[in-house]
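Thanks for passing this one along. Here are a few notes to read alongside the coordinates, starting with the ligand site and moving on to the sheet.

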Amino acid sequence: MQPCRYSEIVSSEIFKPRNIIVTGGCGFIGANFVRYVARNHPDVHITVLDKLTYAGNPQNIAGLPQSQVELVQGDICDAALLERIVPGHDAIVHFAAESHNDNSIANPEPFITTNVEGTFHLLEAARKYDVRFHHISTDEVYGDLALDDPRRFTESTPYKPSSPYSASKAASDQLVRAWVRTYDLRATISNCSNNYGPYQHVEKFIPRQITSIMEGVRPKLYGTGENVRDWIHTEDHSSAVWEILTRGRIGETYLIGADGEMSNIAVMRMILRLMGCAEDAFDWVCDRPGHDRRYAIDSNKLRTELGWRPVHTDFEAGLQATIAWYAANRAWWEPAKAATEARYRAQGQ
Ligand code: NAD
Ligand code: DAU
């Protein structure tokens, strides 16, 4: 049998957004998505709605044309603000969240407020003004896999979140599904694996290690270091989200992943080697409570139904470029580094 031609496998109905709201567009993945849309779809206007928490930085979207990208500083939990800004837009792409597992363990409350209540307020606004909704979620809603399990997560894997963060994301996914079924909201959901690339906050694994080494501090590995994450370049996440927003089927969930499984210790050693250090020049620190062992995504549905493919398939090359980005942008990350490390020290990490 001949393989399907691209034009045969893509869904026939194409949604052409003109005026979108991107929540959390000053965070890591949201900002990379805003940059992706600005570059590839100059006819689309983008309103970034962002509270500018410790994780949001207007610099992340600096330099984009003001005629195309507008920043509204505000909270997704502010229903009155949503009443003012949602009308006139044809889609909401919802990235805004409290996103860091370690923070959710130390203080879960903002995770429930932003991730659950905030999503609820956005869904209500989208319903009232009949706006298409794409919800950004995570593979962590599925819990974890054993290191030697041959299976990967699929769209039908049961939900089994481990941390307050992943439980709050699972709750928000279920709200979206309920709004589709009960109110016919035109919504889609994507659950992606671990992103890396430019503009990622220094609290996260890869930027934390890179910036520590740049400051002459030994990087820190949790537990045994055997835990596996399934890495994807954030630009590949952006292209997948665009495909799902414009060609995905309403009510459907799509898993996004780029076959990038690696143990934390292997990533740590690669960073050290690429930065010219001995591969054992790191410290072991205490483990994260409830630490998920392994995430692994089967993105077959997205690839066969929408024809999506990742472009950044060479992880080492992507990591090298990411290291170069942090070396060239010290002024961007240095202000956040000391406070982040003070937080980690208080947790023994
Ligand atoms: P991030 O922490 O870097 O950015 C979050 C952004 O949301 C920040 O700009 C912040 O100011 C904003 N924000 C937080 N609370 C808000 C509120 N109440 N109202 C408005 N804005 C608010 O997060 P990220 O890593 O870019 O993750 C973005 C989304 O992608 C999240 O929904 C996350 O669950 C999901 N996700 C992340 C990954 C990953 O590897 N980082 C993987 C899969 C899915
Ligand atoms: O899988 C998707 C998820 O990936 C997203 O939903 C989350 O928003 C995102 O933060 C990320 O979650 P993780 O907990 O996997 O990412 P983090 O960067 O915090 O940690 C990656 C792995 O590295 C994890 O196994 C913990 C470990 N780690 C982390 C830090 C910060 C260390 O060993 N040392 C560290 O210093």
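1. Three elements, α2 (28-40), β5 (132-138) and α6 (164-183), each give at least two residues to the shell around ligand 1. Helices (H or I, at least four residues) and strands (E, at least two) are DSSP runs here, numbered from the N terminus. β5 supplies the largest share of that shell, three residues.

2. Before going further, a word on the basis: this is a predicted model, in which local features need pLDDT of at least 70 and side-chain atom pairs count only at pLDDT 80 or more, while totals for chains, interfaces and linings use all residues. Residues are numbered from 1 along each chain as its sequence is written, chains are lettered from A and ligands numbered from 1 in the order in which they are written, and side-chain values use heavy atoms, with hydrogens and water left out.

3. There are 28 residues around ligand 1, and Ile29, Asp50, Ser99, Tyr165 and Lys169 come nearest; a residue is near if one of its heavy atoms lies within 4 Å. By type, the shell has twelve nonpolar, twelve polar and four charged residues (nonpolar: Ala, Val, Leu, Ile, Met, Phe, Trp, Tyr, Cys and Pro; charged: Asp, Glu, Lys and Arg; polar: the others, Gly among them).

4. Please look at the polar contacts (a pair of N or O atoms within 3.5 Å; within protein, one must be able to donate a hydrogen and the other to accept it, and residues adjacent in sequence count only if both atoms are side-chain atoms). The Asp50 side chain places an N or O atom 2.6 Å from an oxygen of ligand 1.

5. Thr23 is opposite His94, and Ile92 is opposite Phe133.

6. In a regular strand, side chains alternate between the two faces of the sheet. Both faces of β4 are covered, with Ala91 and Val93 buried on one side and Ile92 and His94 buried on the other (buried: under 20% relative accessible area, 1.4 Å probe, protein chains only).

7. Why does His135 count as buried? Its relative accessibility is 0%. His135 lies in β5, and its side chain makes a polar contact with that of Ser172 (3.1 Å). Beyond four places in sequence, the contacts of His135 include His94, Thr119 and Asp173 (heavy atoms within 4.5 Å).

How values were computed: Buried means under 20% relative accessible area, exposed over 50%, partly exposed in between (1.4 Å probe, protein chains only). Two strands pair if DSSP finds at least two bridges between them.
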